[in-house]
Each structure stands twice: as C-alpha cells, then as structure tokens.
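Please look over the sequence and the model shown below before turning to the notes.

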Amino acid sequence: MADSHGGRPAQRSARAAGGGACCWALPTALLCAYGFFCSVRPSEPFLTRYLLEPHKNLSETQVFNEIYPVWTYSYLALLFPVFLATDYLRYKPVVLLQGLSLIVTWFMLLYAQGLWAIQFLEFFYGMGTATDIAYYSYIYSVVDINLYQKVTSYCRSATLVGYTVGSVSGQILVSVAGWSLFSLNVISLTSISIAFGTAWFLPMPQKSLFFHHLSSQRLSCEMKVMDCKNGAVVQDHPDVQRAPGWEDEAKVPLNGEGHSAEKQKQKVDIVKVLKDLWRDLLQCYSSRTMLCWSVWWALSTCGYFQVINYAQGLWEMVLPSHSADIYNGAVEAASTLLGAVAVVVVGHIKTSWAMWGEVALALFSFLIAAAVYVMDTVRNIWVCYASYVVFRIIYMMLITIATFQIATNLSVERYALVFGVNTFIALALQTLLTLIVVDASGLGLGIFTQFMIYASYFAAISLVFLVSGICSIVRAYRRREQMQSGSPESQ
C-alpha cells in the first residue's frame, strides 16, 4: 500500500481536501434516500386488518398462528448467513437483495391468495428484515472514520422520518380520505420500488470489515448496526483514526494476474475469521457484567419482538376494524417519536449503572410487564394504544442503557460480534416461544392468552434481575465494609 509507506502524501491530502466532501456526501445522500423510501410503508400499521379482509379469505387463526410465525423462523434462519454474506459481498448486493425482497413481499401482498402464498410472502419479509444490516453497515465502508457519527445519525434519521411519514400518511388516507388498504399497499410498493432503483446508484465499496483487508479496529462500525435498530446512539472510539476510503484505480489489476491467489487467500480468511469470532465470543462473555447486560438484551428483545408482531392482532380482537375506525398508524408514529426522545434523554442520565443497573432493569422490566398486562386485560382500545406506547418507550430506553453498558465493557473490535450474537439469541428464544405458544403445530393459543404469557415472561425477567441486583448490591457493600475495616490497620 503506497500511501501507508510514504507514497504521494501531498496528493492524498489534496484529494482529501478537494473531494472528501463529495466522496461522503453522495453515497450518504443516496443511502438516506434509499432508507427513507424503503421505510415509507403506509399500509404496514394496517397489515392485520388487510389480511383479515374478505378477499384474502383468511381466518384469524391462520393469520396469527400459521402466517405470522413464518417471519420469525425465516429471520432466524437467514440472520447469520446474511451477516457474513453482507461483508463478503461488500454490502451493496445485499442492499439490493433487501429492496428486491421487499418488492416481492408487497407485490405478493397485493395479489397472492391462499395460506401457502401468504406464508411464502412472510419468508421474503423475513429476508428483507435480516438484510437490514447491510443498510446500516454499508456507509461505513465508503466514508472516513471521523464521519461515522454524522452519517449514522443521517441514516437513522432517514428511516425514522420515513417510518413516521408512512404511518401518519396511512392514518390520514384511511381515516380522512377513506382510501382502501389495497391502495395503501400500492403506495408502499411504489415507495419500495423507488428505493430499489436508488440503490443501484450506490457506489460499490472496495473494502469491507472481515473479508476484504480491513483493520480489526473497523469493527466498531458494525456495533452501530445493532444500536441504530434499537434507537441507541454510541460515540466513536477516539483512538481510531484510520481513513478507509476506496481502492485507487491504480491498485486494481488490469489482468487476471493475482486473481486466483487473492481468491485462495479469501478462502483461507473465511476459516480464520470464523475461528477468531469463536475465540472472541468466549472471551467476551467471560465478563459477568457484560454477560448480565447481554442476557437482559436477549431476553427482553425476544419479548419485544413478540409484542410488536402481534399487537395489531390484539387490537383487532379488542376493537374489530370493520366495526369502527382504528388509529394504528398514529399510534405507531407516536410511539416511534416518543421512543426516540426517551433515547436522547437517557443518554444524559448520570448514575452508577454498575451498582444499580440490574435493579433498574428489574423495575423497568416490571413496568413493561404491567403495560403488557394492562394491554391484555383492559379491553379498551385507547388503553391498549396507551399501554403500547409506554411499552415501546420503556424498551427503547432500556435497550439504549444496555447498549452503553455493553460498549463500555468491550474492546472496540468486538462490538459487532456481541451485538450480533445477542440478537441471534433473542431470535432463537423468540422462535422457541413462537413454536410453543403461537404456532398451530404447538399450543396455538389465542391472542389474549398469548399476551398474558408475554406479561408473565417480562415479570419473570424482572424477578430474576431483581434478585441478581440485590445480591450484587449486598456484595458491593460487603466489599466496601471490608476495605473500610482494613484501612485503619494499614495506617
């Protein structure tokens, strides 16, 4: 690498000064446009109502117990392969795959009929969800590292604004303009198609995190992938100053020479990367503090996914949409915006999370359990809406705290591994819970019984962390007393 060994530093500086803004602005703008249009789905808050319309000829049992579980299974099955493929293929192909998966999903949502077809649709939706990691990680391969914080906020804001615009516009079109849900799905398909077309103009990165010659310090960018999804904001590591850039044209071989050697090296790297990941995994989870926050992350995210996946079903049972106006879109928009505000607020809270963190997790997990319980037992739609908003706000706040605590107990290069594994465990638990409680091949319980189980699930999490937190506080005070009693003797 000529630059790192002193070759043409003046030219490199001139290029950075003259074209740096353009180099990061163009891919960032294109990616934000993709994220915005991909998130403008006005029909999504009304999915359950749409599937239960007469022309789909689906029963409530089929939708809740046979169709929705397919998303969970496909998401879990695709998460790890997509995680590796995203890096190996250098992001852009997987971004395109996400757009294509969502196009297939909404096209089938418009025209597919029958149980099997809708289940197949859910598989493609699971693929679109699993490939979300490519959207959040792409930008870090094409911008300078000192711009990570800025471009992260841009990309996250684009999706939040898009989701809010979609939810609010869907609510207005349904409640005020009287549009059909079929028309909303057409708008969603059109918006996703625009996003897919935009993705083709994204520059192709020449570098990636694991497989394409990047320093291990660049692992910090992947941490933001998981944090962004949960609304967390994480600062960049101050010691990392490496500028990634793109490969110079002069470094690209003009013939086939070296291609086979490079390919062979990549094959060796795959084995090495997997071994390194496994070794780091064991080392990371050897810390009790990190293990504690990771356990809460996985357990709570599992319950969170279940509640948001089946909340529309609960609302439909409390107040059938064919007999009254519903405000799902407004509720989703409000919970998203208020959750984002809570994330910002919690970032400024100063407290000793090492001492009181487990107790705080226990108390707030109990509040989550109470919100889910109220949502299930008080058969009033407005109470359900309010409980859902409280549920999402508390979860987004706690997952942000967990993110901070995990980050402080890890070296920079292990962020991606831990957050990825925590999410994988959460999906594995969710799959098990879905298979037993929801799936028709399991117990196939009704929606109200399901939510009572989810409330009990969060109550159990609260109890476990309350006991663990009290034990940790007692141990800390005993150590402090021993230190105080030993200090006079030393004097």
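**Briefing: helix packing, cavities and a buried residue**

The axes of helix H3 (residues 60-88) and H5 come within 7 Å and cross at roughly 35 degrees. The model is a predicted one, in which local features need pLDDT of at least 70 and side-chain atom pairs count only at pLDDT 80 or more, while totals for chains, interfaces and linings use all residues. Residues are numbered from 1 along each chain as its sequence is written, and side-chain values use heavy atoms, with hydrogens and water left out.

- Helices here are DSSP runs (H or I, at least four residues), numbered from the N terminus.
- Axes are lines fitted to C-alpha atoms over the stretch in contact, with angles from 0 to 180 degrees between N-to-C directions.
- The crossing of H3 and H5 is right-handed, a term for a near helix turned clockwise from the far one by less than a right angle.
- Contact (heavy atoms within 4.5 Å) joins residues of H3, including Trp71, Tyr75 and Leu78, to residues of H5, among them Phe123, Tyr125 and Met127.
- By class, this contact of H3 with H5 has 14 nonpolar, five polar and two charged residues; Ala, Val, Leu, Ile, Met, Phe, Trp, Tyr, Cys and Pro count as nonpolar, Asp, Glu, Lys and Arg as charged, and the others as polar.

**Cavities**

- A cavity is a set of points on a 1 Å grid where a 1.4 Å probe fits but cannot get out, and its lining residues have an atom within 4 Å of a point.
- There are three cavities of 30 Å³ or more, a volume being the space filled by probe spheres set on the points.
- The largest cavity has a volume of about 1300 Å³; of its 43 lining residues, Glu44, Tyr125, Thr129, Tyr163 and Ile308 are the closest to its centre.
- Helix H11 (residues 288-318) gives the largest share of that lining, seven residues, and the lining divides into 21 nonpolar, 14 polar and eight charged residues.
- The second largest cavity, of about 90 Å³, has Glu44, Trp106, Glu122 and Tyr125 among its lining residues.
- Helix H4 (92-111) and helix H5 (115-130) each supply at least two residues of this second lining.

**Glu332**

- Glu332 is found in helix H12 (residues 328-346).
- Glu332 counts as buried because its relative accessibility is 6%, buried meaning under 20% relative accessible area (1.4 Å probe, protein chains only).
- Its C-alpha atom is separated by 9.8 Å from that of Glu44, 288 residues apart along the chain.
- Leaving aside neighbours within four places in sequence, Glu332 is in contact with Pro45, Tyr163, Ser167, Trp315, Tyr388 and Arg392.

Note on methods. On a 1 Å grid over the protein atoms alone, a cavity is a set of points where a 1.4 Å probe fits but cannot get out, and a pocket is an open set with protein on both sides within 12 Å along at least five of seven lines; lining residues have an atom within 4 Å of a point. Buried means under 20% relative accessible area, exposed over 50%, partly exposed in between (1.4 Å probe, protein chains only).
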